[in-house]
Amino acid sequence: MITAIAFYVFSAILLGSAAMVVTSRNPVHSVLFLILAFFNAAALFLIAGAEFLAMILVIVYVGAVAVLFLFVVMMLDVDFVALREGFQRYAPVGATVGVVLFFELLSVLLGWQISDAAPGLRLSTMPTNISNTRAIGQVLYTNYILLFQLSGLILLVAMVGAIVLTHRDRHTARRQNITRQQERRVADTLQVLQIRNRAGVQELGIYRPKPMPQLIPAEAPARFDEAEVGHELGGDVQDHEAGEH
Amino acid sequence: MGPFGLWQPFADAVKVFTKETIIPAGASRSLFLMAPMLTFILACLAWAVIPVNDGWAVANINVGILYLFAISSLGVYGIVIAGWASNSKYAFLGAMRSAAQMVSYEVSIGFVLVSIMLCVGSLNLNDIVKAQSHVWFCFPMLPMFVVFLISMLAETNRAPFDLPEGESELVAGFFVEYSAMSFALFYLGEYTNMIMMSALASVLFLGGWQAPLGLTFIPGIVWLFAKICVVMFFFFWVRATFPRYRYDQLMRLGWKVFLPLSLLWLVLTAFFLEFTGLLPAGPA
């Protein structure tokens with residue numbers, strides 16, 4: 001009784017939110033309704049006794065896929081006026097495709113035959129001695145291991161392909177190389193100079209010394225700041241002009 | 001206020017309840033109000049499956065650890081919705097940073113959970129605690145314990161990974177537009193999540209309600225509470241000790257260090273259990 005009520009409540013919310021996904025004017029609201037639909041589907045799985053599938057549905061679809069949807073939809077600036085612009089021009093094409101799909105569906109539904117063994121399958125009780133997590137594991141990883149591995153491989157290829165197609169290496173980005181940072185020694189970066197009092201840095205030729213190629217890798221933006229040298233001098237030069245630093 | 005300032009939290013509670021909730025112009029009203037509630041409710045929901053003593057849980061379900069993982073992966077919605085509904089670019093940028101961070105560290109937490117499940121052979125949290133009656137998992141699984149503790153900090157957006165709110169450089173990140181009780185709900189949710197993560201760490205690695213050294217005359221619920229307090233101490237200890245991570249370092253640590261490490265450890269655990277014949281049969 002309570003299960004039946006719960007089933008109808010969750011199904012009603014599921015259908016309602018699924019309808020809102022396609023009718024909602026705001027794309028972000030659409031995605032949020034989609035998430036609500038996922039939740040109610042998970043609840044239906046729970047009622048059917050498939051607690052593992054329910055949790056995996058929430059983890060994979062709500063926790064990962066829908067987050068990415070939401071990211072994309074929120075960052076996109078969807079211009080509805082531009083979207084509606086070509087409506088009349090494309091309407092005949094859309095209608096034709098819709099009609100074709102409708103007749104295809106209709107032909108499938110009319111030719112639908114229910115196997116004689118089906119009612120028997122539906123009536124068979126769930127085995128009580130095996131949890132459904134274990135049952136799914138057995139089917140996926142033991143009976144159909146080859147197909148499972150193949151689909152994994154296809155997904156991997158698709159992922160690599162997507163990265164290859166979209167990844168652009170921008171050379172303007174400055175990355176941190178932690179190994180190189182830690183290998184830096186004081187001698188590589190700091191020059192201690194003994195200089196005459198009241199001698200300008202330009203006069204001594206150390207105003208902006210050229211980077212030493214054997215010490216600094218070519219890609220590093222080598223900078224010997226005046227400030228760095230200046231700090232070393234700070235102790236010696238008592239009465240340096242303010243403008244120098 | 002009061003002796004040792006003990007009444008201050010109560011005064012703060014009264015204060016946030018009586019302040020005005022300001023909804024910014026152009027904000028999506030219903031979502032704006034829903035986001036903090038969602039954050040807090042999700043943080044509380046997760047407690048349902050934590051066993052406080054042998055079999056004492058609100059819901060001692062078969063897939064308890066998956067339920068916990070599912071609930072913690074939903075936490076990101078409260079943040080993203082808050083950032084978007086505020087209709088402010090600062091809140092939105094804060095939400096994006098925070099969401100990317102939480103999604104990244106969830107992956108390594110997932111692999112840590114899988115290697116624990118592999119050792120126990122069950123998804124029930126009570127079974128996981130029972131499996132630690134001889135040795136707590138923090139000893140044989142020490143690298144995963146460290147990965148879990150650090151990912152836990154990132155997942156709850158606490159220091160040194162508190163970039164989303166980073167109070168010394170930003171003004172509160174994703175909840176910059178929130179005030180009064182809706183603001184307080186975010187903080188309540190964050191602290192509830194911290195205690196929840198501490199409870200999860202104690203259940204997975206520190207033996208949950210199991211008493212160490214045969215001190216069974218102290219009830220399990222006290223032991224679990226003590227262990228939660230120890231992990232909470234770790235939270236505050238880290239906060240007081242380490243400087244904040246930079247964003248690229250955070251992403252590097254999550255994807256280039258923790259993810260391969262936890263994957264490798266998972267494979268090693270599976271090999272070890274298979275070749276020593278220790279692989280648990282699990283419930284039929």
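**View 1. No salt bridges cross between chain A and chain B.** Across the interface of chain A and chain B, the rule finds zero salt bridges, a salt bridge being a side-chain nitrogen of Lys or Arg within 4 Å of a carboxyl oxygen of Asp or Glu. Three residue pairs are in polar contact between chain A and chain B, with both residues at pLDDT 80 or more. A polar contact is a pair of N or O atoms within 3.5 Å; within protein, one must be able to donate a hydrogen and the other to accept it, and residues adjacent in sequence count only if both atoms are side-chain atoms. This is a predicted model, in which local features need pLDDT of at least 70, side-chain atom pairs count only at pLDDT 80 or more, and totals for chains, interfaces and linings use all residues. Residues are numbered from 1 along each chain as its sequence is written, chains are lettered from A and ligands numbered from 1 in the order in which they are written, and side-chain values use heavy atoms, with hydrogens and water left out.

**View 2. The contact takes 27 residues from chain A and 29 residues from chain B.** Contact means heavy atoms within 4.5 Å. About 2,200 Å² is buried between the two chains, and carbon and sulfur atoms give 75% of this area. Buried area is the accessible area (1.4 Å probe) that two parts lose on being put together, summed over both. In chain A, the residues that lose the most area to chain B are Met55(A), Ile59(A) and Met74(A), together 25% of what that side buries. The elements giving two or more residues to this side are α2 (27-47), α3 (51-75) and α7 (132-143) of chain A. Of these, α3(A) gives the most, with 14 residues. Helices are DSSP runs (H or I, at least four residues), numbered from the N terminus.

**View 3. Helix α8 of chain B covers residues 220-241.** Its 22 residues reach 31 Å from the first C-alpha to the last, close to the 32 Å expected at 1.5 Å a residue. Buried residues (under 20% relative accessible area, 1.4 Å probe, protein chains only) in α8(B) include Trp223(B), Leu224(B), Phe234(B) and Phe235(B). Among the elements that cover the buried residues of α8(B) are α6 (142-155) and α7 (180-205) of chain B.

**View 4. Arg244(B) forms a salt bridge with Asp162(B).** The closest N and O atoms of this pair are 2.8 Å apart. Arg244(B) lies in the loop between α8 and α9 (247-276) of chain B and Asp162(B) in the loop between α6 and α7, so the pair links parts of the chain 82 residues apart. Leaving aside neighbours within four places in sequence, Asp162(B) is in contact with Asn157(B), Glu167(B) and Arg244(B).

**View 5. Lys130(B) and Asp54(B) meet in a salt bridge.** The N to O distance between their side chains is 3.8 Å. Lys130(B) lies in helix α5 (residues 125-130) and Asp54(B) in the loop between α2 (29-45) and α3 (64-85) of chain B, so the pair ties together parts 76 residues apart in sequence. Lys130(B) is partly exposed, with a relative accessible area of 40%, and Asp54(B) is partly exposed, also with 40%.

**View 6. Arg246(B) and Asp248(B) pair through their side chains.** Their salt bridge has an N to O distance of 2.8 Å. Arg246(B) is partly exposed at 41% relative accessible area, and Asp248(B) is partly exposed at 39%. Over all chains, the structure holds five salt bridges.

Notes. Expected span 1.5 Å × (residues − 1). Buried < 20%, exposed > 50% of the residue type's maximum accessible area, 1.4 Å probe, protein only.
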